[in-house]
Amino acid sequence: MENTREQIISSAFSFYTKPEINNVSLSAIAARAGITKPAIYRHFKSRQELEQVLEDRVYSEIYSVLSKITFKKDEGTLALIEDVVVLLLTHKEYLFYLISNQNDFSLDEAMFKLKDLGLPFFDSVFATDGSVTNMEKYK
């Protein structure tokens with residue numbers, strides 16, 4: 001069952017091959033996964049849940065890369081940028097997914113999600129209530 005769930009997620013991401021806004025139908029995802037559209041609902045309660053899982057996957061992967069970086073005053077930012085660029089070039093579907101959902105994308109929201117995942121860098125940028133405590137790092 002978990003294998004089918006991963007197949008659905010992979011199939012959904014496989015539609016994001018270009019940086020364009022597109023709304024992929026569940027029928028198309030099911031066809032690419034080799035299952036029926038109703039079978040998707042055995043793994044996801046709704047389209048919104050599938051979309052949330054896709055978004056969570058992107059942020060988890062970014063977190064995974066960023067959490068390995070030791071932030072030093074002079075070299076942390078450059079290492080961070082390089083590693084994120086490598087991740088997004090290796091998984092272009094993540095980048096194109098974010099682009100295709102650009103109407104919903106917010107950089108502040110992305111930073112809060114990474115903070116919520118536990119990325120320590122953002123602890124020095126945001127207070128627990130979400131307000132900015134270090135404007136220089138925020139910029």
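Predicted model: local features only at pLDDT ≥ 70, side-chain atom pairs only at ≥ 80, totals over all residues.
1. Arg57 and Glu6 form a salt bridge, with 2.7 Å between the closest N and O atoms. The pair links distant parts of the chain, since Arg57 belongs to helix α4 (residues 47-66) and Glu6 to helix α1, 51 residues apart. Neither side is counted as buried: Arg57 is partly exposed at 23% relative accessibility, and Glu6 is partly exposed at 32%.

2. Arg47 and Glu51 both lie in helix α4, 4 residues apart, which is about one turn of the helix. The Arg57 to Glu6 bridge, by contrast, runs between helix α4 and helix α1.

3. On the overall fold, the protein chain has 8 helices and 0 strands. Its pattern along the sequence reads α-α-α-α-α-α-α-α. Among contacts in the protein chain with a separation of 6 or more, 54% are between residues 24 or more positions apart.

4. The structure holds 3 aromatic pairs. One of them is Phe13 with Tyr97, an edge-to-face pair with 5.8 Å centre to centre and 75° between the planes. Phe13 sits in helix α1 (residues 2-14) and Tyr97 in helix α6 (residues 92-100), so this pair ties together parts that are 84 residues apart in sequence. Phe13 counts as buried at 5% relative accessibility, and Tyr97 is buried too, with a relative accessible area of 3%.

5. Tyr97 also pairs with Tyr16: the ring centres are 5.2 Å apart and the planes are at 85°, so the pair is edge-to-face. Tyr16 lies in the loop between α1 and α2 (26-33), while Tyr97 is in helix α6, so parts 81 residues apart in sequence are tied together. At 5% relative accessibility Tyr16 counts as buried, because the cut-off for that class is under 20%. Which residues do ring pairs link into a cluster? The members are Phe13, Tyr16, Tyr94 and Tyr97.

6. A further ring is involved with a charge. The charged end of Arg32 sits over the ring of Phe15, 3.9 Å from the centre of that ring.

7. The largest nonpolar core has 36 residues, and those touching the most other members are Ile29, Leu50 and Phe122. The elements giving two or more residues to this core are α1, α2, α4, α5 (76-90), α6 and α7 (107-117). Which element supplies the largest share of this core? It is α4, with 8 residues. Helix α4 is also where Arg47 and Glu51 lie. As background, nonpolar side chains in soluble globular proteins tend to be buried together.

8. Phe122 can be checked directly in the model. With neighbours within four places in sequence left aside, Phe122 is in contact with Met111, Leu114 and Lys115.

9. For the chain as a whole, 33% of the 139 residues of the protein chain count as buried. The protein chain exposes about 8700 Å², and carbon and sulfur atoms supply 53% of this area.

Key:
Residues numbered from 1 in each chain as written. Heavy atoms only, no water. Phe/Tyr/Trp six-rings, centres within 6.5 Å; stacked < 30°, edge-to-face > 60°. Buried < 20%, exposed > 50% of the residue type's maximum accessible area, 1.4 Å probe, protein only. Lys NZ or Arg CZ within 6 Å of the ring centre and 35° of its normal. Salt bridge = Lys/Arg side-chain N within 4 Å of Asp/Glu carboxyl O. Contact = heavy atoms within 4.5 Å. Areas by Shrake-Rupley, 256 points an atom, 1.4 Å probe, with all protein chains shown as cover. Core = buried A, V, L, I, M, F, W, Y, C linked by side-chain atoms within 4.5 Å.
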